[in-house]
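Please walk through this structure with me, one chain first and then the contact between chains.

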Amino acid sequence: MIVDNGRRRQLVVAGLFDGLAGESEGLLSFIPNRTGKRPVDVRAGLLDGEPVFLELATGTTVDPSFVTFRYRSA
Amino acid sequence: MLTALLLLGVLGGEVDVGTGPIIAPPASTVAALSVPAASAVGNDIPLGAYQWARPLDPADRAPYAFSFAQLLAPGEEIADIVRLTMSAAGAALGLEIDTSPGRIPIIGEDGNAVQVWFRVDEAFQENAAFTGAGVRIPIAFLVETNSSPFKRYERTAVLTVRQQ
């Protein structure tokens, strides 16, 4: 049995978030703590200091306070 | 610290499946339906997801059960828990499926339900997200049956975590 509790990773998204985001199965989730940019306008960020492309993952977040993105290396 | 957490078994990974009595009370049990609801359960909850009625306080360590009885044929049982997956939202707030001794996920003795224990990392227990209505966190259960050929079912249950 695999128990995947995910992990927390340092994420910086200008105008939206700076802190520890949760990661599981290629998704990053966090509660925004910055203002200035809407999630739908986000294209990239820094994950553990490395640039990544971000794509808003709609329909995957249960709780409306969270924002969830798929990511891939830039 | 990481080594200590791995030794404590709270970070998950590969774990041997056991069987035992389901001790989660009815309010902490959800049952997968043979035909899921045709509409979402609530605000932004994925179609077909189930919700435990009892919320978890961040300081709780309590068992929750997921019954697959309605999906199983007569005589068929859950043979294995293939994977339990915490969502990214849960990981963000330190919610974990507990794999410490005595709280390892198990298959119920009747073979039709799975029981897991949840805990919230102490560093997150006072997080502001848990105040008020709290947050709703999805957890995916993938199980395999003992039929030949085996069947696999993956269902998602939603846990509300809030201060009480």
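What do E2(A) and E3(A) form, and which residue in the turn has a positive phi? The two strands form a hairpin with three residues between them, and Gly15(A) in the turn has a positive phi of about 75 degrees. Strands (E, at least two residues) and helices (H or I, at least four) are DSSP runs, numbered from the N terminus.

A word on the basis. This is a predicted model, in which local features need pLDDT of at least 70 and side-chain atom pairs count only at pLDDT 80 or more, while totals for chains, interfaces and linings use all residues. Residues are numbered from 1 along each chain as its sequence is written, chains are lettered from A and ligands numbered from 1 in the order in which they are written, and side-chain values use heavy atoms, with hydrogens and water left out.

Chain A has seven strands and zero helices. Its pattern along the sequence is β-β-β-β-β-β-β. The radius of gyration of chain A is 12 Å, close to the 11 Å that the globule rule gives for 74 residues, so chain A is as compact as a globular protein of that length. That radius is taken over C-alpha atoms, and the rule is 2.2 Å times the number of residues to the power 0.38.

E2(A) and E3(A) pair in the antiparallel sense over seven bridges. Pairing requires that DSSP finds at least two bridges between two strands. E2(A) also runs antiparallel to strand E5 (residues 44-47) of chain A, joined by two bridges.

Now the contact between chains. Contact (heavy atoms within 4.5 Å) takes in 23 residues from chain A and 39 residues from chain B. The buried area is about 2,400 Å², and carbon and sulfur atoms give 54% of that. Buried area is the accessible area (1.4 Å probe) that two parts lose on being put together, summed over both.

Strand pairing crosses the boundary too. E1(A) pairs with strand E6 (residues 78-86) of chain B in the parallel sense, over three bridges. Val3(A) stands opposite Leu84(B) in E6(B).

Charges meet here as well. Two salt bridges link chain A and chain B, each a side-chain nitrogen of Lys or Arg within 4 Å of a carboxyl oxygen of Asp or Glu. One of them joins Asp4(A) to Arg83(B), with the closest N and O atoms 3.0 Å apart.
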